[in-house]
Amino acid sequence: MKEIERLYDRIIQRVNIDLRELEFEVNPYVQELIPLVQMVKFYAFYGISPHLPPHFQFCNSNLAGSYFLGRCKVTDSLLYKSDIRGDELKKKGDLFRYLDYDMQVGDDEEIEIRNSLLIKTLVHNYSHDPETLEKFFITDTISMNYANIHGSPSSGCFLGAFATVDLTTMRNCVIGNFSYIQASEISHINIESGTIWIRNPGRFNFFYRHNPEKINDYIYVTPGAAPQGLFVDFIEDRKEAFQRIFDSVHIEQPVPVPNNASLDRFAVTKGQTHIGENVLVAQRAFLQNSWLGQGANAQENCFIINSRLEGCNVTAHGAKICEADLGRNVFVGFNSFLRGRPDARLSIGDDTIVMPHTIIDSKEPLEIPPGRLVWGMIRDRADLETNSIAIDDFSAIDSSASIGDLFFEGSGAQFISAFKDRIRHILQANGAFFNGSEQKGHAQKNQHISFNTIQPYPEGMKKGLFPTILIEP
Amino acid sequence: MIKWLESEIRPSTSLRPLVMNYIVKDLMVPISEYATIPEGSTLFDAIVTLGNAKVKTSGAIVPHWLVLIMGKNKKVLGKLSQLDILRALAPKDAVTDRIDEMGKFGFSSHFIARLRDEYRMKKSFLEDFYTNPATMSMKVEDFMQTITHTEFVDENTTLDTAANLMFVKNRLSLLVTCEDRFVGVLRLSDVFSTVLNTMREVSKNLRKI
């Protein structure tokens, strides 16, 4: 156990050094957050499929309960129940467009994690840094529970619980709890909790910050204690269902799945759940009494409960939908929390964009008309008035606007267009448009994945560390 | 009082030797003529002192830009510039703090100024802020810039070196010392005037040649 303790201390020290300019110390947040005995208890596992031949290298690391797909290298790191999903990495010969350049990728891209501690974190997509086309690096970084590192190389950073960094290279930054950042490149910045910031320099800049007092009801982190709040309780209440699927070697498919759809073996499905054509349900997703229409997807750490999604819906990583009816093409962004009640359902019209890290938690029936842009925190109809706008009206913004606590500068049309393009790309990548022969995506390619497990040393100085392992096709 | 030294008698075409002929003591404003207030004063005291303080330079009356906050034993504790005073007086609340923070997130200064104006329009009570007794009684210590060791210069330092210190350290003034005593203030405006006068002199001499 000695070596894993040393590794833990070393990672903390390195991140502290990188964040010294911001006068931020990570110790109070992560010291003893995970009892080291927990790190010995869980196996790690990796997927193999003809579409994704395995290229894994693990060295001097603990990988407890973590899942790996694609091509990745983990060195001197602790990964606790994290998903390292390398199924969207760039391939040798791909063209990467940046400004006016089309740059050719010289080699297959690899996720490289070094000197980092990732807790229940999702790593996905590919490096959007034009300077590191072949390497999606995560070094000297600590991420807390349910953080998303999405297409975002990171060096010397701390991500709070439920934080998301999307398509952004970050260096020496602190990202507060439940913050969503998509800003191309950031460095030496400490971002407060609950900040939603989407910036494309020269085109648009979108900024919203949740009310700190209200957000504390949902996620609250005090030094020396594990994250608390409604989000944590919500997940903990459903933890047992996952325990069963991780403990069993063979799992019967619990509901019928069309042959062009994919239900991951490590997803939970309960009650009367319908999986439509071209649907993708990723690992660690939780479905209960829900209808997923054609082309819908439920990504990692999603919860869809007593809800109906009509089709071509994106439910991004970590989003939660309860007691709700969603029309077609509704996008629900990362870590959003949408909760109606059995007697007060939430209804969202077609083509609506629910921004990442939005909270809709209403005790009264709430109906969001089609074609809206929705953000922030909405607990009743009055909140909906100040936290949503018709997409057409938003597109008409040509210089700047402030709506409630939302600040926007730039072209509304470009902002909406960028979002719509991205939603279309996500649906395409997930196989929503598969026509039987063309446009295959994850829903079709991820159907037949085999899983192998690996285990750490059970005793001695190296207890908890996994042996150095190299896995090639 | 500026002393013209012997070298001036001989026409010179080089600016540097002429400037080198001055030392800080020649140009500084003595502390007895400078705007100072004791620690514990209010921001209102500082404004009044600064408003009344003027120095006579080359026949012109020039206002001071700084007021110095003096501690016991005639030590300088800090300084307040006109800009510091305006900053201290700017109405502040959670909303204005957030608006000010927007610059960090890449919003344009034009957009930030517009947000500020819009907020002012909404909150008419802010107009009364400047005459609010609470504002008038704010203590200078809460807003002053503390003095760092890089702001001091010895009175016998050459003007050339002092000017170099000013632009390297980006200072509008330097505090002048004689041994351990604080004796005056060297202001950028005086340094600049001296350089300008010297340049004129050199130019005149060139024409004579």
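Modeller: Gladly. This is a predicted model, and two residues in it are in contact if their C-beta atoms, placed from the backbone, lie within 7 Å. By that rule, chain A brings 10 residues to the contact and chain B brings eight residues.

Biologist: Which strands of chain A each supply at least two residues of the side that touches chain B?

Modeller: They are strand E23 (195-200), strand E24 (204-209), strand E46 (400-403) and strand E47 (406-410). By class, that side of chain A has five nonpolar, three polar and two charged residues.

Biologist: What makes domain 1 of chain A and domain 2 of chain A touching domains?

Modeller: The 7 Å limit applies to C-beta atoms, and 30 residues of domain 1 of chain A are in contact with 30 residues of domain 2 of chain A. E24(A) gives the most to the domain 1 side, with six residues. That side divides into 13 nonpolar, 10 polar and seven charged residues.

Biologist: Why is the largest set of 141 residues called a nonpolar core?

Modeller: A core needs buried residues of types such as Val, Leu and Ile, joined through C-beta atoms within 7 Å. The largest such set has 141 residues, and those with the most contacts inside it are A:Ile175, A:Val281, A:Val332 and A:Leu338. Helix H1 (residues 2-18) of chain A provides the largest share, five residues.

Biologist: How do you know that A:Val332 is in contact with residues beyond its neighbours within four places in sequence?

Modeller: Its partners there include A:Val314, A:Ile321, A:Leu338 and A:Val354, so their C-beta atoms lie within 7 Å of that of A:Val332.

Notes. Residues are numbered from 1 along each chain as its sequence is written. Chains are lettered from A and ligands numbered from 1 in the order in which they are written. This is a predicted model: local features need pLDDT of at least 70, side-chain atom pairs count only at pLDDT 80 or more; totals for chains, interfaces and linings use all residues. Helices (H or I, at least four residues) and strands (E, at least two) are DSSP runs, numbered from the N terminus. Ala, Val, Leu, Ile, Met, Phe, Trp, Tyr, Cys and Pro count as nonpolar, Asp, Glu, Lys and Arg as charged, and the others, Gly among them, as polar. A residue is buried if 20 or more other C-beta atoms lie within 10 Å of its own, exposed if 12 or fewer, and partly exposed in between; C-beta atoms are placed from the backbone.
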